[in-house]
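Me: Please walk me through this structure by question and answer.

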Amino acid sequence: MIDFYQDLNDRQLEVVTDVDHPILVLAGAGSGKTRCIIYRAAYLIHERNIAPWKLLIVTFTNKAARELQDRLESLLNIPMRSLWVGTFHSISLRILRYESAHLPYNSNFSIYASDEQKSVLKKIYKEYGYDVQKYPLNKVLARIGRYKNRLQLPEDIQPEEAAHNPFLKGFMQIYQRYQEALLMNQAMDFDDILLYTAHLLRDNDAVRAKYQDIFQYIMIDEYQDTNKAQFEIIHQLALIHQRVCVVGDDDQAIYSFRGATLRNILEFERDYEAVQTIRLEQNYRSTTAILDLANRVIKQNKQRHAKELFSELGEGIRPALRVYPDANVEAEQIALNISRQWKLGNNLRQIAILYRTNAQSRLFENALMQKKIPYSIVGSLNFYQRKEIKDLLAYLYSMANPADNESLLRVINEPPRGIGQTTVSRLLGFATKTRISLFSAIQNLSAVPELNSSAKKRVGDFCKMMEDWRQMSTSQPVAALVKDVVELLGMVSLYRKSSDPKDITRAENLIEFVASVNEFAERFSAENDRPALLVDFLPFVALQTDLDKVSEESDSVRLMTLHNAKGLEFETVYIAGLEDELLPHRMSMDTIEEIEEERRLFYVGITRAKRELLLSLAEARRLYDTYTFTQPSMFLDNLDEVLDSPGHIAAPQQSLYRKPKNKIRESQKLFKIGQRVWHKEHHQGIVLSVNGMGADAVVTVSFQNGKLIKIVGSFLHTEPIG
DNA sequence: CTAAATTCCTTTTTT
DNA sequence: AGGAATTTAG
């Protein structure tokens with residue numbers, strides 16, 4: 001059986017056995033926090049006779065959840081299907097589907113990811129005439145996300161806030177309309193899942209009591225990366241019994257862009273009563289040489305609790321820094337290095353290449369491919385975001401949720417079936433006017449005027465097809481349904497016929513998707529003793545990410561962003577692109593907070609390595625269409641003592657290349673070339689050139705009265721005067 | 001209505 | 001540069 005004393009150190013043992021109080025575990029990288037969570041669960045079930053379904057364990061990814069469940073199963077040697085393990089999103093979604101009666105949603109609502117969010121916004125802009133320039137989609141969505149992560153719906157925001165801020169006023173309107181549109185579509189975005197769950201638990205006494213009773217023991221991993229909505233969910237659940245154990249490391253907080261706030265970990269002792277705080281500082285993963293570097297790096301951060309990791313695994317190999325003339329060379333050399341390791345018999349699965357941005361993966365893919373080294377990309381452009389997969393999913397969503405216009409619009413003419421723009425906009429116009437869903441509109445074609453008979457015929461055929469499938473989806477297993485859809489639409493064969501290699505990949509992706517549906521269906525029916533229907537499958541698939549997909553077994557080099565590396569470990573780790581403006585990223589260099597978060601990202605990367613760590617940078621790198629010369633990352637300063645071959649670092653700084661001037665991007669400029677502007681005296685004019693980014697920019701304007709004037713931007717107006 | 005042509009638009013990180 | 005979105009031609 002399990003030997004808790006044998007397998008755990010004293011501190012860990014305390015985490016595992018002190019189950020009746022709120023516990024805060026400050027666990028450094030590699031200190032065995034996952035082990036603590038697993039053993040704590042095992043302890044509760046095995047030693048305290050707590051039923052598995054009374055436990056709630058929140059992990060950061062679905063993959064981590066599955067692994068945790070597997071490890072627990074093999075540890076206790078009993079099936080753990082009734083255990084609530086999952087991400088905040090998956091657990092919340094489960095609750096929301098179940099409690100939909102208390103929401104303005106029905107249980108088969110759709111989930112909209114960023115593409116659909118944008119599409120919804122665009123329709124709103126069009127209908128109400130908002131200017132995309134003034135309200136850039138990404139900005140607006142990011143802002144909406146921020147509000148939601150703070151649990152603020154449009155109605156929760158005080159009108160005074162927006163009173164003197166026209167932008168905010170417009171934004172609030174858009175936000176409101178966006179929420180209305182989502183509701184019309186019976187769709188939630190990712191942030192809604194958390195927000196509605198938090199609201200439900202906070203405001204509905206019966207629901208709260210019910211889940212408080214279910215979740216007697218709560219554990220949360222990666223607590224440093226939780227946001228306010230997530231905090232509230234847990235806080236409501238743990239309010240009475242306070243048996244909550246959170247595990248985190250403030251040095252590894254890397255998700256503030258998602259609304260995560262360190263407040264949760266810093267204030268935990270105030271949020272709960274008689275909190276026991278336990279620190280885990282012994283690292284069981286890395287050699288001392290690697291930890292020296294890690295400690296040295298993170299020490300530069302001002303906003304942190306001082307702590308120092310130590311290890312008993314011996315000194316080990318010093319991390320090295322390599323400087324390459326160019327990003328291609330960097331990739332080639334790393335590939336070459338890996339191929340040597342491979343020939344020596346090293347396991348590729350234990351080698352990872354980490355980078356800041358997804359775009360960097362391409363270089364490594366090419367280099368590895370050339371050397372015939374197997375690799376897998378973890379995360380990256382999501383499998384589930386590919387066009388062919390989204391199309392298929394849109395069919396499925398559309399069947400399950402007739403209110404979901406976005407999904408229906410996506411598939412109504414995909415593959416092309418003669419239902420073009422005109423027809424669609426007429427149908428949509430009718431639906432909007434009569435306030436029914438698009439699907440209802442195509443079901444009542446006779447009521448739609450101005451559609452010619454051939455269009456009606458085509459739409460009618462499509463409608464019939466969808467209705468048949470909807471029928472089928474309620475009775476037939478999802479595996480059979482998906483197979484039928486793919487076959488009837490001829491999706492695979494269509495792509496296969498194409499000569500474009502991309503289409504061939506698409507065909508393969510579809511086949512892979514069908515296989516994954518089968519896999520899901522098998523597992524589901526084994527666990528639930530009935531076949532999986534569409535409604536069982538959709539919530540599952542909505543939250544799947546590529547991250548959850550890479551098979552453990554395949555012997556391949558792992559490529560991933562630093563964000564995706566969280567929680568993982570490898571014998572050998574390469575961290576590439578250690579350049580200013582890449583790490584730290586140019587978009588996150590404005591404030592100390594941002595820089596420190598970027599540094600934590602570097603720290604997370606470093607601490608993934610067990611034995612060997614290879615840092616590298618390129619002196620030049622192609623960015624989109626231009627070649628730029630780089631500077632070594634500021635994070636490399638003062639690391640000479642702990643790095644191998646420190647002398648190299650000076651070279652690029654003195655090389656003949658000067659750091660290029662910070663190029664101002666068009667989007668940051670208030671004035672753009674070709675833009676119409678107005679001036680008190682000279683009236684209307686056109687911008688010919690701009691120097692600078694704000695209202696202080698020096699702008700050359702050709703005025704209608706024939707004058708060509710260089711002028712400071714603050715004298716110009718962007719809209720007609722008077 | 002479809003397909004080609006052109007513009008445009010992105011360029012951080014993700015559940 | 002590359003792909004998506006939109007416009008234009010057939």
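Reply: Helices (H or I, at least four residues) and strands (E, at least two) are DSSP runs, numbered from the N terminus. This is a predicted model, in which local features need pLDDT of at least 70, side-chain atom pairs count only at pLDDT 80 or more, and totals for chains, interfaces and linings use all residues. Residues are numbered from 1 along each chain as its sequence is written, and chains are lettered from A and ligands numbered from 1 in the order in which they are written.

Me: Which helix gives the most to the surface near DNA strand B?
Reply: A residue is near the strand if its C-beta atom, placed from the backbone, lies within 6 Å of it. There are 31 residues around DNA strand B, and Thr-422 is among those that come nearest. With three residues, the helix that gives the most is α20 (residues 421–433).

Me: Which strands stand at the edges of the open sheet of six strands?
Reply: Two strands pair if DSSP finds at least two bridges between them. The order is β3-β2-β6-β7-β1-β8, with parallel pairing. Each edge strand has a single partner, so one side of each is left without a neighbour in the sheet; these strands are β3 (84–86) and β8 (276–280).

Me: Is Lys-372 buried or exposed?
Reply: Lys-372 lies in the loop between α17 (361–370) and β13 (375–377). A residue is buried if 20 or more other C-beta atoms, placed from the backbone, lie within 10 Å of its own, exposed if 12 or fewer, and partly exposed in between. Because Lys-372 has 9 C-beta neighbours inside 10 Å, it counts as exposed.
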